[in-house]
Each structure stands twice: as structure tokens, then as C-alpha cells.
Amino acid sequence: NLARIPCTRHPSKDIQSYYKMYLGRTADDSEVIYWINMINAGMISLNQAQDQIQNSQEAIIRGFYLTYLHREPDYDGLSYWR
């Protein structure tokens with residue numbers, strides 16, 4: 001299990017850190033805006049956003065690829081399994 005990344009004063013930087021750690025990629029602008037809007041609306045906390053990213057379908061599929069295929073998922077493979 002990966003350690004929790006400490007929160008900073010810049011949630012967008014935290015969101016990008018979570019995407020890099022759990023999904024192996026950067027979040028696009030719309031993804032960052034989605035999470036920031038959810039946090040600002042009080043619907044979730046930053047820690048809950050981290051948990052949701054960490055336990056997302058994409059993160060689980062990536063974990064299987066890394067564990068069993070010893071590589072990052074390619075776009076077509078990720079799309080197929082999603």
C-alpha cells in the first residue's frame with residue numbers, strides 16, 4: 001500500500017501528485033477542476049479525493065498491469081479493461 005501524500009496549501013498540486021502516484025500520469029485540466037470543485041463545494045475532502053483516485057478503476061487496472069505484466073498499461077489495453 002502506498003503512503004498517503006501530505007496535503008499542501010495548493011490542492012491542484014496535491015491532485016497532480018495523486019494522479020502521478022496512483023495513475024502514472026498527469027491529470028488534465030478538466031480532471032483537476034472536477035476535484036477542486038468537489039472539494040470547494042464541501043462534497044469531499046482532499047483526503048477523500050486521494051482515496052477515490054487511489055481506488056479508481058484506472059488505478060486498479062494499472063496495478064494489475066504493473067504487478068502481472070511488469071509495465072504501464074497502453075491506451076488500448078486500459079480502454080478495453082475499463
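A residue counts as buried under 20% relative accessible area, as exposed over 50%, and as partly exposed in between. By that rule Q52, at 38%, is partly exposed. The model described here is predicted. The protein has five helices and zero strands. From the N terminus on, its elements run α-α-α-α-α.

**Overall picture**
- Of the protein's 82 residues, 33% count as buried.
- The protein exposes about 5700 Å². Carbon and sulfur atoms supply 55% of that area.
- Take the contacts between residues at least 6 apart in sequence: 42% of these join residues at least 24 apart.

**The nonpolar core**
- In soluble globular proteins, nonpolar side chains tend to be buried together.
- Here the largest nonpolar core has 16 residues. I15, Y19, W35 and I53 touch the most other members.
- Helices α1 (11–23), α2 (29–40) and α3 each give two or more residues to this core.
- W35 touches I15, Y19, I44, A49, Q52 and I53, leaving out residues up to four places away in sequence.

**Q52 and its surroundings**
- Q52 sits in helix α3, which covers residues 46–54.
- Beyond its neighbours within four places in sequence, Q52 is in contact with W35 and I44.
- Y18 is 34 residues from Q52 along the chain, and their C-alpha atoms are separated by 10.0 Å.

**Salt bridges**
- The whole structure contains four salt bridges.
- E58 pairs with R25, and their closest N and O atoms are 2.7 Å apart. E58 lies in helix α4 and R25 in the loop between α1 and α2, so this bridge ties together parts that are 33 residues apart in sequence.
- E58 is buried, because its relative accessible area is 8%. R25 is partly exposed at 26%.
- R62 pairs with E72, with the closest N and O atoms 2.6 Å apart. R62 belongs to helix α4 and E72 to the loop between α4 and α5 (75–81), so the pair links parts 10 residues apart in sequence.
- R62 counts as buried at 11% relative accessibility. E72 is partly exposed at 38%.
- D74 forms a salt bridge with R71, and here the closest N and O atoms are 3.2 Å apart. D74 is partly exposed at 33%, and R71 is partly exposed at 37%.
- Salt bridges that share partners join R25, E31 and E58 into one network.

**Aromatic pairs**
- The count of aromatic pairs comes to three.
- F64 and Y68 form a stacked pair, because their ring centres are 5.9 Å apart and their planes meet at 20°. Planes under 30 degrees apart count as stacked.
- F64 and Y68 are four residues apart in helix α4, so about one helical turn separates them.
- F64 is partly exposed, with a relative accessible area of 47%. Y68 is exposed at 58%.
- Y80 and W81 form an edge-to-face pair: 4.9 Å centre to centre, with 85° between the planes.
- Y80 counts as exposed at 64% relative accessibility. W81 is exposed too, at 53%.

**A nonpolar surface patch**
- I60, F64, Y68 and L69 form a nonpolar patch on the surface. Together they have about 440 Å² of accessible area.
- Y68, a member of this patch, is found in helix α4, residues 57–69.

Key: Residues are numbered from 1 along each chain as its sequence is written. This is a predicted model: local features need pLDDT of at least 70, side-chain atom pairs count only at pLDDT 80 or more; totals for chains, interfaces and linings use all residues. Side-chain values use heavy atoms; hydrogens and water are left out. Buried means under 20% relative accessible area, exposed over 50%, partly exposed in between (1.4 Å probe, protein chains only). Contact means heavy atoms within 4.5 Å. Patches are made of residues with over 30% relative accessible area and no salt bridge: like charges are joined within 9 Å, nonpolar side chains (Val, Leu, Ile, Met, Phe, Trp, Tyr) within 5 Å. Accessible areas come from the Shrake-Rupley method with a 1.4 Å probe; for residues, only the protein chains shown count as cover. A salt bridge is a side-chain nitrogen of Lys or Arg within 4 Å of a carboxyl oxygen of Asp or Glu. Rings of Phe, Tyr and Trp (its six-membered ring) pair if their centres lie within 6.5 Å; planes under 30 degrees apart count as stacked, over 60 as edge-to-face and the rest as tilted. A nonpolar core is a set of buried Ala, Val, Leu, Ile, Met, Phe, Trp, Tyr and Cys residues joined through side-chain atoms within 4.5 Å.
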